[in-house]
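Reader: I would like to learn how to read a fold and its core. Can you walk me through one case?

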Amino acid sequence: MITAVNFRHGIDNPAAMQRIQRRLERIASKTIQARRIEVVLDRIAYDGNPGCNYECHISFRGKEKQRLDIRADKRQPDMAIDDAFDRLNMALSGSLNRRSRKRRAG
């Protein structure tokens, strides 16, 4: 599995980097369908205030041409990271459930 992590707009947060690495390791240990995962943590404007929210964008490329783009924005970087990875996990578990149902039916 290929991974890439980028921080934009001058974000320097070692704790966020460790949090992302732990979540990537957890995904790698749970699924074999991941081919490439890119994570971008960015500052975005909210309610007219520039750079006051954090957005975590996860681009997932999997086997069997599976593509997912997940975005979550929150006031704190750790909350944005957790929300984005939770959404990714829900999407992956949902696709696994659909795939296993198709195999049983077919």
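This is a predicted model: local features need pLDDT of at least 70, side-chain atom pairs count only at pLDDT 80 or more; totals for chains, interfaces and linings use all residues.

Reader: In what order do the elements of the protein chain run?

Author: Helices (H or I, at least four residues) and strands (E, at least two) are DSSP runs, numbered from the N terminus. Here the protein chain has 2 helices and 4 strands. Their order is β-α-β-β-β-α.

Reader: Which residues have the most contacts inside the largest nonpolar core?

Author: In soluble globular proteins, nonpolar side chains tend to be buried together. A nonpolar core is a set of buried Ala, Val, Leu, Ile, Met, Phe, Trp, Tyr and Cys residues joined through side-chain atoms within 4.5 Å. The largest one has 22 residues; Ile37, Val39, Cys56, Ile58, Phe85 and Leu88 have the most contacts inside it. H2 (77-105) is among the elements that give two or more residues. H2 supplies the largest share, 6 residues.

Reader: Is arginine 23 buried or exposed?

Author: Buried means under 20% relative accessible area, exposed over 50%, partly exposed in between (1.4 Å probe, protein chains only). Arginine 23 counts as buried because its relative accessibility is 9%. It sits in helix H1.

Reader: What is arginine 23 in contact with, leaving aside its neighbours within four places in sequence?

Author: Contact means heavy atoms within 4.5 Å. Arginine 23 contacts Asp82, Phe85, Asp86 and Asn89, with those neighbours left aside.

Note on methods. Residues are numbered from 1 along each chain as its sequence is written. Side-chain values use heavy atoms; hydrogens and water are left out.
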